[in-house]
Amino acid sequence: MSAVAHEAAWARANQTYLSACFDELRVLLEHRCADSAAAMAAIEASGHATRRAAGEMPRPPALDRLCEAFGLTGFERAVVVLCAGMAMRSEMAEVCARHGARGGRPTLGFALAALPDAHWSALAPDAPLRYWRLVELDPGPMLTERPMRLDERVLHFLAGVESLDERLQGLVQPAPSAGDLAATRQALAERIAALWGSLEPGRAWPPVQLCGGDGDARRRVAAAACASLGVGLSLLPSAAVPRAAAERDEMARLWNREAALRETALLLECADEDTADGTAAVADLAGRLQGAVLLGAGEPLSAPGLAAVRLDVEPLQPCEQRALWERALGPLAARLDGHLGRLAAQFRLTEPDILGASAAAAPAWLSPQAAADAAWEACRAQARPRVDRLAERVVSPAGWDDLVLPQPQRETLRDIAAHVRNRARVYQDWGFERRGARGLGISALFAGPSGTGKTMAAEVLANDLRLDLYRIDLSRVVSKYIGETEKNLSRVFDAAEAGGAVLLFDEADALFGKRTEVRDSHDRYANIEVSYLLQRMECYRGLAVLTTNMKAALDPAFLRRIRFVVQFPFPDASARARIWRRAFPDAVPREGLEPERLAQLNVPGGSIRNMALHAAFLAAEAGGPVRMAHLLRAARAEYGKLERSLTEPEVRGWT
């Protein structure tokens, strides 16, 4: 018999059993005051029919499962049957009316008087009927005179209909299937299943924290663990968790009832952008829940009474990433042979991201190189959304020809690009990574006066490596609240890991200055921020570029842990002339410009670009080419901005 047919057979048998229970209760009510042999025979016959219907079921009926789950007494079971019969059998109201129920609606007082083995404790607020909201009471002045009705979710359960409580609908979501998991993720799912599966019957399942990774990875691991145990999985995002303690208690009670009614686990999902109040609410709710509970978060959660087992979701290894690419591309993977390894080493994407990126490389008309290029750009696009919320993406066409630097500095920049480009070969293939991850992060410090090309050099490196460049806004990272700066930095680095992006910390001395002597708690926590940043930079798999105008202000310990230090000198006259020759695009009309005379201006490249742009607008307004006179006006404006005065030697021979 198929699973569907087996379930249909149980549903029919469950209805038969429930009808037998209604008949047994009706007979009890009709003969409750009779003491004749006929009455006793009728009661015995109805009870026998109920037992026979239960014995013919392929698995226990819903009513018996309900009574076992909530520990109902015989009287409490009879109350549930009475209320269910009122909703499902029209004649039940007539029977109750004949035996004293006002308007045919049974009250608690009627149940105490009419049903066998009645006990007053069943009416207590912490007794199962009321605590678990199995039976709802209509408003009324006296407890015993308030009409009873069965909760709708419980009624559906007794009828064999699976449905989520309407108060949880829209908040709790069904989880997607796990799909094919990488080996490390499958091993983690098996650890969870082994932990829960080894527990003795009746023992509470300890909550499990899945830390790190991304939300999709945590969901897949949780789904695989639950599937191996034969239980379902539902999701509750942190945004749906109430902030008020009373509302969380109500939600916990509803879910605990839900978990008791059906075999299902709950995954509480925290978002990266959650506030401290939000994560505290999630942790508190988790501590109130029963059954199989998982918490998914980038950082571990803690709360009073929450004793969870922590398991880390590690990033996929390059070999696992490559296997995902091969599975996603299928036969087309052979077209990217030689390129899949580089894609897998550079990008740490989720399974859905790889499926999306592989679609860009799938068209059969693409050449192998074009397919590889399309896949690379698709990977960059898939990784961007995580970082775009936290930092500013810098898009620039700057190339090596745009940089005017002495040869030693250019060679160092080329070395930086070589380290990033060959990172996977040296660290993974040649085994340096197996000696420890510390110190493997590629970091560079660009030091020099403002306008000497530090930011442009970062743009050139990003373009040469075909990676995204993100400028970190220190005003959004540094927080006056203790511990918040580290959290902000963690979010930036974690998000950038997916694409191995180039991170640019402009004016780094503002954040990475000399560590202070500890005079008070603020000094101590400021030093913790610097130490945390050093640790993250040493493990970051991308390139972190720091720029500063004041190298002397940086902590010497920080400098020792930077792999590359590039000093950007103030350009001399020869370098300034080369910059002036590159200042105007080919399409700009020019007349009589003399780069050697323009180089007399003692300014860096950034100011030269500003003056060239200003002069171009002046020429466009005049309707002619750019001339030295336009540049003279632009120079005066730029010098005024710098609070300097043009000297006669700097503009000698211009006009």
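Is Cys 270 buried or exposed in this structure? Cys 270 counts as buried, at 9% relative accessibility, where buried means under 20% relative accessible area, exposed means over 50%, and partly exposed lies in between, with a 1.4 Å probe and protein chains only. Before I go on, please keep in mind that this is a predicted model, in which local features need pLDDT of at least 70, side-chain atom pairs count only at pLDDT 80 or more, and totals for chains, interfaces and linings use all residues. Residues are numbered from 1 along each chain as its sequence is written, and side-chain values use heavy atoms, with hydrogens and water left out.

Let me stay with the cysteines for a moment. A disulfide is a covalent bond between the sulfur atoms of two cysteines, and here the term is applied to a pair of cysteine sulfur atoms within 2.5 Å. A search of the whole structure finds zero disulfides. For Cys 270, the nearest cysteine sulfur is that of Cys 211, 9.5 Å away. For Cys 539, the nearest cysteine sulfur is again that of Cys 211, at 18 Å, and Cys 539 is partly exposed, with a relative accessible area of 42%.

Now to the sheets. Helices (H or I, at least four residues) and strands (E, at least two) are DSSP runs, numbered from the N terminus, and two strands pair if DSSP finds at least two bridges between them. Strands of a sheet pair through backbone hydrogen bonds, either parallel or antiparallel.

The pairing of β3 with β5 is antiparallel and runs over two bridges, and in β5 the bridge partner of Pro 174 is Ser 234.

Helix α12 covers residues 276–288, and at 1.5 Å a residue its 13 residues should span 18 Å, which agrees with the 19 Å between its end C-alpha atoms; the expected span is 1.5 Å times one less than the number of residues. Buried in α12 are Gly 278, Ala 281, Val 282, Ala 283, Leu 285 and Ala 286, and what covers them includes β5 (232–237), α11 (245–261), β6 (264–269) and β7 (293–297).

A further open sheet of six strands has the order β9-β11-β12-β13-β10-β14, also with mixed pairing. Here β9 (392–394) and β14 (564–567) stand at the edges with a single partner strand each, so one side of each lacks a neighbour in the sheet. Neighbouring strands of this sheet are turned by 25° against each other on average, direction ignored. The pairing of β9 with β11, residues 469–472, is antiparallel over three bridges, in which Arg 393 is partnered by Tyr 470 and Val 394 by Leu 469. On the next step, β11 and β12 pair in the parallel sense over four bridges, and Tyr 470 stands opposite Leu 503 in β12.

Let me finish with the interior. A nonpolar core is a set of buried Ala, Val, Leu, Ile, Met, Phe, Trp, Tyr and Cys residues joined through side-chain atoms within 4.5 Å. The largest one has 52 residues, of which Trp 325, Leu 343, Leu 413, Ile 416, Phe 446, Leu 461 and Leu 543 touch the most other members. Its largest share, seven residues, comes from helix α16, residues 368–388. Leaving out residues up to four places away in sequence, Leu 413 touches Trp 400, Leu 403, Leu 405, Phe 446, Ala 457, Leu 461 and Val 566. Apart from this core lies another, of 48 residues, among them Trp 10, Cys 21, Cys 96 and Leu 158.

Notes
Axes are lines fitted to C-alpha atoms, for helices over the stretch in contact, and angles run from 0 to 180 degrees between N-to-C directions. Contact means heavy atoms within 4.5 Å.
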